[in-house]
Amino acid sequence: MKKISYLLILTALTIAACNKPETETVEKIVKIEKTEAVYTGEVGLNPTVWYQTSAENKAIYIQTYKLAKLMLAENAKKKGKKPLAVVTDLDETALDNSPYNARMAKTGNVYANDTWDAWVNTAKATALPGAVDFFNFAKSKNVEVFYISNRSQATLKPTMDNMKLLGFPNVEDKYFMLKTDKSDKTARRDSILKTYDVILYLGDNMTDFTEEFANRDTTDFGAAVVEKYKAEIGTKFIVFPNPMYGEWEKAAFRNDYGKSPAEKLKALKSAIKDNY
Ligand SMILES: [Mg+2]
């Protein structure tokens with residue numbers, strides 16, 4: 001009899017334990033559905049955790065800079081009359097700004113030029129794995145290094161201070177081309193091409209290679225342009241990962257950053273397919 005009672009109590013407890021999480025889950029789902037879903041900085045939580053903590057991200061940077069070294073040596077063989085150069089982006093290509101994204105993910109705040117400049121002014125960005133070694137390698141092979149970035153011209157000094165401390169080569173005004181009036185990097189790239197033969201471009205955003213990736217098609221999100229440049233990708237265009245922000249997100253907003261926070265979230269959801 002005693003045994004049966006224990007068994008009954010145990011069974012009742014087990015049933016209760018099994019039911020509890022189920023009820024909680026249902027409640028949670030109902031709560032979320034009742035709240036108006038909007039786009040906030042918290043959308044960047046998962047991508048920022050991946051970027052900042054994953055071994056995979058570190059390995060991808062090491063792997064990609066290794067490829068860059070191989071391609072630099074290969075492309076330098078076709079030397080013509082002009083001296084050689086590599087052109088690189090800074091943010092999320094050479095410098096890690098994920099603390100800024102982490103702050104947004106934690107507070108829910110979204111990107112703003114003033115908070116971004118405040119972060120840049122701290123000069124606390126770290127170098128991405130393999131970056132300092134690669135650019136010094138290029139310099140040692142007589143390949144000049146140019147930095148083209150859409151950081152504002154006003155942040156040139158903290159940017160250079162930051163990079164000097166990290167050990168990047170060519171930390172001099174003439175090798176830095178920051179943003180003055182527009183984000184389009186074409187004119188800045190072209191100005192280097194007048195004097196140098198650029199054998200590699202490095203970036204985390206496809207517009208670091210060609211402006212054709214700006215204002216992407218709103219249905220294929222630039223896939224056709226990737227197809228067009230398949231030969232250059234991995235040989236002349238060295239691409240780094242950035243799941244936190246970029247032109248890809250603008251494309252998912254249908255090239256309209258001016259959407260309301262609710263419309264932005266809807267746009268992101270409608271950009272992905274769940275038809276299986
Ligand atoms: Mg970048």
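Start by selecting helix 3 (residues 55-76) and helix 6 (residues 131-140): they pack at an angle of about 10°, with their axes 10 Å apart. Axes here are lines fitted to C-alpha atoms, for helices over the stretch in contact, and angles run from 0 to 180 degrees between N-to-C directions. Helices (H or I, at least four residues) and strands (E, at least two) are DSSP runs, numbered from the N terminus. The pair is therefore roughly parallel (angles under 35 degrees count as roughly parallel, over 145 as roughly antiparallel, 65 to 115 as roughly perpendicular and the rest as oblique).

Before you go on, some ground rules. This is a predicted model, where local features need pLDDT of at least 70, side-chain atom pairs count only at pLDDT 80 or more, and totals for chains, interfaces and linings use all residues. Residues are numbered from 1 along each chain as its sequence is written, and side-chain values use heavy atoms, with hydrogens and water left out.

Now show side chains. Tyr65, Ala68, Lys69 and Leu72 of helix 3 touch helix 6 at Ala131, Asp133, Phe134, Phe135, Phe137 and Ala138 (contact means heavy atoms within 4.5 Å). The classes: Ala, Val, Leu, Ile, Met, Phe, Trp, Tyr, Cys and Pro are nonpolar, Asp, Glu, Lys and Arg charged, and the others, Gly among them, polar.

Helix 2 brings Trp50, Tyr51, Gln52 and Thr53, while helix 3 brings Ala55, Glu56, Asn57, Lys58, Ile60 and Tyr61. By class, that makes five nonpolar, three polar and two charged.

Helix 2 (residues 45-53) packs on helix 4 (residues 98-107) at about 150°, with axes 9 Å apart, so the two are roughly antiparallel. Which residues meet here? Leu45, Thr48, Tyr51 and Gln52 in helix 2 meet Ser98, Pro99, Asn101, Ala102 and Ala105 in helix 4. The tally is five nonpolar, four polar and no charged residues.

Zoom in on strand 1 (residues 84-88) and strand 6 (residues 197-203), which pair in parallel over five bridges. One to click: Ala85, whose bridge partner in strand 6 is Val198.

Last stop: color by pLDDT, the predictor's confidence in each residue, from 0 to 100. The chain averages 91, and 87% of the residues score at least 70. Select residues 10-21, though, and pLDDT stays under 50, with zero contacts beyond four places in sequence.

Key
Pairing = 2+ DSSP bridges.
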